[in-house]
Amino acid sequence: MNIALNQANKAYSIDEVPVGAIIVKDQKIIGTGYNMRETLNDPTAHAEIIAIKKASEALGAWRLMGCTMYVTIEPCAMCAGAIVNSRIERIVIGARDPKMGACGSVMNIVQNPQLNHRADITLGVMENECSRIMKEFFKKLREK
């Protein structure tokens, strides 16, 4: 989660919402990402999507079976859908997102029994640190 938090700090440094994600397979990082929606003018440029794309490139496959995603903030519906579609087996989440979270807060896409794949979820890893960077970012934004 420390590395995902480092990714979030990269987003913060370029005035992006500070969310970071990494994907690990066999104890090796195969994908990293941080939010770049503003930078790329792309509504899909979330940390999770970028990390999934990089992991798929690294493996030469779209199925990310045996992989774990570490993400600082609970994924939204779009990212949760991408997690299901890419067959990621486990998600380790820093802090919940009570407004947009799709891994249990608002809805739970990644464990929906109607879908063909479900991911295990671990919540609250480095929760204070992951939550703090978001609070600082939005406080700074409101002050502007």
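**Exercise 1. Find which residues Cys79 touches in this predicted model, leaving out residues up to four places away in sequence, and decide whether Cys79 is buried or exposed.**

Solution. Start with the location: Cys79 sits in helix H4. Next, list the contacts, skipping sequence neighbours up to four places away: Cys79 touches His46, Glu48 and Ile49. Finally, check the accessibility. Buried means under 20% relative accessible area, and Cys79 has 0%, so Cys79 is buried.

**Exercise 2. Which residues does UniProt list under "binding site", and why can they be said to gather at one spot?**

Solution. The unreviewed UniProt entry lists His46, Cys76 and Cys79. They span 34 residues in sequence, yet no two of their C-alpha atoms are more than 9.3 Å apart, so they gather at one spot. To place that spot, look at the largest pocket: its lining takes in His46, Cys76 and Cys79.

**Exercise 3. Describe how strands E1 and E2 are joined.**

Solution. First, the pairing: E1 (residues 20–25) and E2 (residues 28–34) run antiparallel and are joined by six bridges. Then pick one partner pair: Val24 is bridged to Ile29 in E2. Last, the turn: the two strands form a hairpin with two residues between them, and Asp26 in the turn has a positive phi of about 50 degrees.

Technical notes:
Residues are numbered from 1 along each chain as its sequence is written. This is a predicted model: local features need pLDDT of at least 70, side-chain atom pairs count only at pLDDT 80 or more; totals for chains, interfaces and linings use all residues. Side-chain values use heavy atoms; hydrogens and water are left out. Two strands pair if DSSP finds at least two bridges between them. Helices (H or I, at least four residues) and strands (E, at least two) are DSSP runs, numbered from the N terminus. UniProt positions are given in the numbering used here, feature names are shortened, and annotations may be inferred rather than shown by experiment. On a 1 Å grid over the protein atoms alone, a cavity is a set of points where a 1.4 Å probe fits but cannot get out, and a pocket is an open set with protein on both sides within 12 Å along at least five of seven lines; lining residues have an atom within 4 Å of a point. Buried means under 20% relative accessible area, exposed over 50%, partly exposed in between (1.4 Å probe, protein chains only). Contact means heavy atoms within 4.5 Å.
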